[in-house]
Amino acid sequence: MSSFPLQGRKTLPARGQPWSELQEAMSALRSADTDWRRGRASLDVYYAGEDVLDVARRAYAMFMSENARAPQFPSLQRMQDDLVQISLSLLGGGREAAGTVTSGGAESALLAVRSAYRAFRARRPQVRRPHLLVPASVDPVYEQAAEMMGLDLIRVAIGGDYRASVQTLSQCVELETMMIVASAPSLPFGAIDPIEALGRLAREREVWLHVDACIGGFLAPHVARFVPNVPRFDLALPGVRSLAADLHKFGYAANGVSVLLYADADDQAHQAFEYNQWPKGTWRTQTLSGSLAGGAVAAAWAVMHYLGETGYRSLAQRVMHLRDRYLEGIERIGGLHVLGQPDLSVIAFGSDEFDIHAIGDAMQTRGWQISRLSAPAALHMTVTPVHDQAVDAYLDDLARCVLTARK
Ligand SMILES: *Cc1c(COP(=O)(O)O)cnc(C)c1O
């Protein structure tokens with residue numbers, strides 16, 4: 001071990017510093033961060049108000065030192081069971097359904113691909129190169145999964161409505177197709193893919209259908225109570241084998257918690273990993289990440305029970321009302337158009353008249369954190385409850401930026 005630190009490399013401070021100094025230092029570090037409490041973030045933060053945050057914070061602190069995967073904490077096992085059961089009841093899980101709490105959507109996705117792969121291998125061992133078949137709008141985490149597992153991935157064009165095209169996908173299913181992945185909704189366009197029809201296709205062709213409901217999983221069930229015709233995507237649809245939903249998105253939990261659900265517990269059995277040729281005997285796991293933050297599990301459990309159905313529904317009403325205000329405001333400005341028909345809270349809009357990314361730059365100089373799409377060029381956002389503080393100012397600024405671009 002070298003005792004000479006590299007020039008310029010940060011080292012451990014020689015003496016410890018008091019909390020007051022650290023708090024000050026971290027507050028200073030934070031000064032350039034997006035001000036999400038005022039609705040300046042367009043992505044990545046799901047803030048439902050100080051009361052919800054406070055419940056999550058307290059629950060997190062109570063279980064911060066515990067590893068939720070360690071069997072010596074039955075409290076956290078129980079909370080995970082509850083999270084899975086509540087999720088199954090929201091998302092159409094029948095008697096045979098099962099699920100696992102994971103550290104996030106990425107872990108849920110990686111595990112789903114692995115389970116589908118092992119199920120496929122058991123059934124069609126002779127296939128040399130199995131592949132995933134996905135519409136172009138699915139999250140890149142499935143590319144990552146395929147790369148990690150040495151699988152091919154075929155990405156096909158989506159339809160003009162920004163949804164997966166059942167026709168295109170059905171033309172591409174082959175004997176080597178181990179899995180179709182679709183989104184509810186997709187991150188770029190906010191449209192829920194036609195899961196019911198894809199389920200029929202998947203059943204006919206004996207392919208595993210996985211629904212990435214990371215965004216919609218904990219929003220759509222509540223929205224469907226007051227908005228008619230929200231496209232269905234749940235586990236009750238024939239052909240849906242697995243579904244991922246992020247508690248740390250519209251579950252309003254602290255970061256680091258998601259669920260992976262299966263319509264049939266037999267499919268979940270493929271998730272298991274076991275090894276015994278090492279000094280500590282048999283090692284068994286159902287997941288990828290070894291440790292799981294006890295705090296994240298506890299916060300999710302507490303927030304779900306704090307909000308309940310009525311709490312989630314009123315937040316969902318707020319989100320959908322806000323989304324409509326954004327959509328109307330964007331259409332009213334002129335020269336801008338919304339891409340497709342967003343089903344839930346994700347919206348994207350482009351322009352045939354202006355360089356929409358230049359408008360994004362101008363919005364950024366006005367203090368908005370702007371999310372963009374590249375193909376087609378568009379601005380993009382996920383509407384959350386906190387945007388009631390921001391919607392008017394955002395639309396005013398957007399109108400001004402467009403006016404400037406017009407001149
Ligand atoms: C967020 C998201 C993921 C990945 O989830 P993480 O929780 O960030 O790991 C996967 N798919 C979609 C559609 C997402 O929005």
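Reader: What volume does the largest cavity have, and what makes it a cavity?
Author: This is a predicted model. The largest cavity has a volume of about 70 Å³. A 1.4 Å probe fits there but cannot get out, so the space is called a cavity rather than an open pocket. With a limit of 30 Å³ or more, the count comes to one cavity.

Reader: Which residues line the largest cavity closest to its centre?
Author: The lining has 14 residues, and Ala-41, Leu-43, Val-45, Thr-384 and His-387 are the closest to the centre. By class, the lining holds seven nonpolar, five polar and two charged residues.

Reader: Why is the pair Asp-343 and Arg-163 called a salt bridge?
Author: The closest N and O atoms of Asp-343 and Arg-163 are 2.6 Å apart. The rule asks for a Lys or Arg side-chain nitrogen within 4 Å of an Asp or Glu carboxyl oxygen, so the pair qualifies.

Reader: How many salt bridges cross the interface of domain 1 and domain 2?
Author: The rule finds two. The domain assignment places domain 1 at 58-302 and domain 2 at 308-406.

Reader: How do you know that domain 1 and domain 2 are in contact, with centres 28 Å apart?
Author: The 28 Å separates centres taken over C-alpha atoms. Contact is judged on heavy atoms within 4.5 Å. On that test, 23 residues of domain 1 touch 25 residues of domain 2.

Reader: What area is buried between domain 1 and domain 2?
Author: About 2,000 Å², with 70% from carbon and sulfur atoms. Seven residue pairs are in polar contact between domain 1 and domain 2. The side of domain 1 that touches domain 2 has 15 nonpolar, five polar and three charged residues.

Conventions. Residues are numbered from 1 along each chain as its sequence is written. This is a predicted model: local features need pLDDT of at least 70, side-chain atom pairs count only at pLDDT 80 or more; totals for chains, interfaces and linings use all residues. Side-chain values use heavy atoms; hydrogens and water are left out. Domain bounds come from an automatic or database domain assignment. Buried area is the accessible area (1.4 Å probe) that two parts lose on being put together, summed over both. A polar contact is a pair of N or O atoms within 3.5 Å; within protein, one must be able to donate a hydrogen and the other to accept it, and residues adjacent in sequence count only if both atoms are side-chain atoms. Ala, Val, Leu, Ile, Met, Phe, Trp, Tyr, Cys and Pro count as nonpolar, Asp, Glu, Lys and Arg as charged, and the others, Gly among them, as polar. On a 1 Å grid over the protein atoms alone, a cavity is a set of points where a 1.4 Å probe fits but cannot get out, and a pocket is an open set with protein on both sides within 12 Å along at least five of seven lines; lining residues have an atom within 4 Å of a point. Grid points are joined across faces, edges and corners, and a volume is the space filled by probe spheres set on the points.
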